Amino acid sequence: MRHCSVQVRGLLTREELDRYNGLIEVGGFLEEQGRYDLAYPIQKEIDILILPAIERLKDKSRARDRDDQEYLASLDRAQDLSEEV
């Protein structure tokens, strides 16, 4: 089973994380038994389950980028003001 990143796991809700852990456990068991035909749909379910957390991570990244842009713009404004004096 492919695990998602720590960052994505950190943004899963408690319910999503419980479901994720259960699916990983079942998928790992199926792989140990050589039942890759059954493990594949489990992996697909995991991929669907983590999509909302991936979107939350993207939203956090976009917010950080906006904050960085605002900070850099404020530095530019402060520099322009200091040059006028």
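**Note on salt bridges and surface patches**

1. D18 and R14 are four residues apart in helix α2 (residues 14-32), so about one helical turn separates them. In this predicted model, the two residues form a salt bridge, with the closest N and O atoms 2.9 Å apart. R14 is exposed, at a relative accessible area of 56%, whereas D18 is partly exposed at 44%.

2. A salt bridge also joins R19 to E45, and its closest N and O atoms are 2.9 Å apart. This pair links distant parts of the chain, since R19 belongs to helix α2 and E45 to helix α3, 26 residues apart. R19 is partly exposed, with 43% relative accessible area; E45 is likewise partly exposed, at 30%.

3. In helix α4, D59 and R62 are three residues apart, about one turn of the helix. Their side chains meet in a salt bridge of 2.8 Å, N to O. Both D59, at 43% relative accessibility, and R62, at 41%, count as partly exposed. The structure holds seven salt bridges.

4. On the surface, D65, D67, D68 and E70 gather in a patch of negative charge. One of these residues, D68, is placed in helix α4 (residues 51-84) and is partly exposed, at 40% relative accessibility.

5. A nonpolar surface patch is formed by Y71, L72 and L75, which together have about 300 Å² of accessible area. Y71 lies in helix α4.

6. Q43, in helix α3 (residues 36-49), is buried, with a relative accessible area of 7%. Apart from its neighbours within four places in sequence, Q43 is in contact with M1 and R2.

How values were computed
Residues numbered from 1 in each chain as written. Predicted model: local features only at pLDDT ≥ 70, side-chain atom pairs only at ≥ 80, totals over all residues. Heavy atoms only, no water. Patch = residues over 30% accessible without salt bridge, like charges linked within 9 Å, V, L, I, M, F, W, Y side chains within 5 Å. Areas by Shrake-Rupley, 256 points an atom, 1.4 Å probe, with all protein chains shown as cover. Salt bridge = Lys/Arg side-chain N within 4 Å of Asp/Glu carboxyl O. Lys, Arg positive; Asp, Glu negative; His and termini not counted. Charge placed at Lys NZ, Arg CZ, Asp CG, Glu CD. Helix = DSSP H or I, 4+ residues; strand = E, 2+ residues; numbered from the N terminus. Buried < 20%, exposed > 50% of the residue type's maximum accessible area, 1.4 Å probe, protein only. Contact = heavy atoms within 4.5 Å.
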